[in-house]
Amino acid sequence: MDVLRFVDPLIGTANGGHVFPGATLPYGMAKAGPDTTARGENAAGFVSDDSFIIGFSHLHDSGNFPLFVHPGCPGDSYLNCTFGTLGRSVTRTKDSAQARPGYFAIGLENTVRAEMTATQHAALYSFSFVPEQTISLPNPRGPSTGKFVEIPTNPLILLDIQDLGKTRSGGGVRVDESGRIVGHGTFRPSFGVGDYQAYVCADFRGAKLRAYGTFDGEHPREEPKQLEVMQHGSAGAWLHFEHPADDRILARVGLSFMSTDQACANAEAEIPDFDFDRVEHAAATTWAEKLNVIEIDDHSGSDELQTVFWSGLYRSLLSPQNYTGENPLWKSSEPYFDSFYCIWDSFRAQHPLLTIIDPEAQAQMVRALLDIYRFEGKLPDCRMSFCKGYTQGGSNADVVIADAFLRNISNGVDWDTAYEAVVSDAEVSPKSFNVEGRGNIESWLDLGYIASDHKDANATGPHSRSVSRTVEYAYNDFCIATLAQGLGHDADYQRFMQRSTNWQNLWNPEQRDLLPIRDRPGQEHEATSYVGFLQPRTMDGVFGYQNTRVCSPLAEPHLCYYDTAQSTYEGSPWLYSFYAPQDMATLARLVGGRAALAERLDYFHESGLAYMGNEQSFLTVFQFHYAARPGRSSYWVRRYIPSQFNTTVAGIPGNDDCAMGAFTAFASMGLFPVAGQDVYLITAPLFREVRLPSVRGPEAPAIIRKVAAPGQGSVEDHDMMYVQSAALNGQPYTKNWITHDLFRDGGVLELTVGREETDWGTADQDLPPSYPYMSHS
């Protein structure tokens, strides 16, 4: 099946989705795409709205080294073209954006049509022109003057030594008589600290060069041909061409983090012939090979769910990016991946998905994480452009490593170093827990929780997120315990398992859920029936207070960031009170039993407290399994897909982070991973049959199949969402979860579905495992 026809890279390019829709390869370094003026929305460069196009850049995390193309200059003089970012910006032709794996195209109102494709370290552009057009005259102080003039189509192309965030602090550019432009710059990362150097090499084909030079702000010159000191943010080199004979100019852009020589060598090795069709075809073939490891049998007649599924799968392979051979910080024989952006987002679904569909890449990512530890002393929680990114919660690389161990993702992984690294996270204070490791370790070890008033004397970082970091540290320690057990560190296993229960120390059994009341003078809040939530706690054991709804969609949703002194991060106490995946049995007891847990989960989703635009909410869709109500998990999957995960440009509910697609992929296949455990929770798939790879190869696939219960209708009917019974390899199967053995050995999981919820998967012995190590008061 041609799965690429179901991939729409434009899904999620509006409404804060921050999806990169441009041309790239799986885990590709080169990411060629347009950048826009849509401030606050354009973290990935392009936004599907009516904002202006300011250039086409090739490294997205940050939008470095944009090309911009004028079809000609008024008076046929390069002096009359605009060069600065705002002045050169241009409107796009309505509905002209086209995107598919390895290809992006868009039309501009200045008559230029831009197409782009990519290899691993280089991009190839095709800029086409309509001869002798009347166009809107550029305005140095803003997009278009509204005055129309006729200009000759002798194109001018500039390359700006800048990034989208305008962070360049140094750099240089040189242009020569062949039309080659080389440049470099020092930039700040998009979500971290420090700086990095990037290098570019651009060559052009298709038209005779008339004049060339450099620019600094709105000041183009033919001399000098080289700049090493730049006074303005926008500065670079330009080329003024004669009109191309076939109305097209090709631009090849090589990239490197090592040197301009390596940038040129990358381009010459990967695109020696400037053959756009060949490069695009090769990119599409690479994408098809990656995606075709999964087969879908769907007879519903609707393409929407297939498009949601395959597009989500595609986005899950955009990052982390493979920078092997491009690491300027240290020499190593290990793979190097970057743009872990961020593991707090990706550990929950994306990395478990890669474990199934691309285990070799996942092994290389784990090895890269360990190499970062070797050379920088800590595992990252977030990393981009060779810089340390901000830590959002726990030390969640620990979960990725334990998850890989449990699923036997071991090719080349040094497990002794892995264990050393995760123990360092747990017990050795970093210099700054802003960007790595854990903060407040003394409080964690002495009190069994992060006290809200504890001041870390060993590491710098914001004194915030005491609740969300406590529950994440507890689960991180559970994952370390699992790894310790597997590697034979029995005493460590006991120690870390005990710490994994620390989340209970912040459970305030008296805390009520309070609703704000705005129409009753003198009465600010009204209590609901829900009692018992996680709350901040001081060093002397006294509970503090954060409204249980704050930082949910219903109450100040943007209040809880890592430096805003709240006790939770990007979520409410309601949300974080569900986060005990290592011991959901104890959580059920604390809230009044399994039925009460299921009722709480239903209320969380029905009331609007849940925000599916952040990855912490993913698991709550499926935690009904622990409450002996797996049917409710299936129900809520269908409430969110396709209402919030759909085929529109606003078709994901929040920032994609290359992780939203993994949620839709798993949910569509009828499974969801409990990352860090050998557990997949079973729901009714959205498709009739899914075939996935197993370790044993194509002759032994893992098959998930649904069939209709007799007399209940077609298996494709929307209401056929409840598992009635299951069989694994032909034998009755009553557990509502499975292990990774399905993907290790292959096999068939057949799910009989119907219109009504049944008692399948609800017996005590059929619930997912919990690990209650000890009770807490």
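User: Is Glu-280 buried or exposed?
Analyst: In this predicted model, local features need pLDDT of at least 70, side-chain atom pairs count only at pLDDT 80 or more, and totals for chains, interfaces and linings use all residues. Residues are numbered from 1 along each chain as its sequence is written, and side-chain values use heavy atoms, with hydrogens and water left out. Buried means under 20% relative accessible area, exposed over 50%, and partly exposed in between (1.4 Å probe, protein chains only). Glu-280 has a relative accessibility of 15%, so the residue counts as buried.

User: How many residues apart in sequence are the parts that Glu-280 and Arg-100 tie together?
Analyst: Their side chains meet in a salt bridge, 2.7 Å from N to O; the term stands for a side-chain nitrogen of Lys or Arg within 4 Å of a carboxyl oxygen of Asp or Glu. Helices (H or I, at least four residues) and strands (E, at least two) are DSSP runs, numbered from the N terminus. Glu-280 lies in helix H3 (residues 276–291) and Arg-100 in strand E4 (residues 98–100), so the distance in sequence is 180 residues.

User: Which strand holds the salt-bridge partner of Asp-203, Arg-252?
Analyst: The side chains of Asp-203 and Arg-252 meet at 3.0 Å, N to O, and both residues are buried. Asp-203 lies in strand E13 (residues 196–205), and Arg-252 lies in strand E18 (residues 248–256).

User: What is the relative accessible area of Glu-223?
Analyst: Glu-223 forms a salt bridge with Lys-225 (3.7 Å, N to O). Glu-223 is exposed, and its relative accessible area is 53%.
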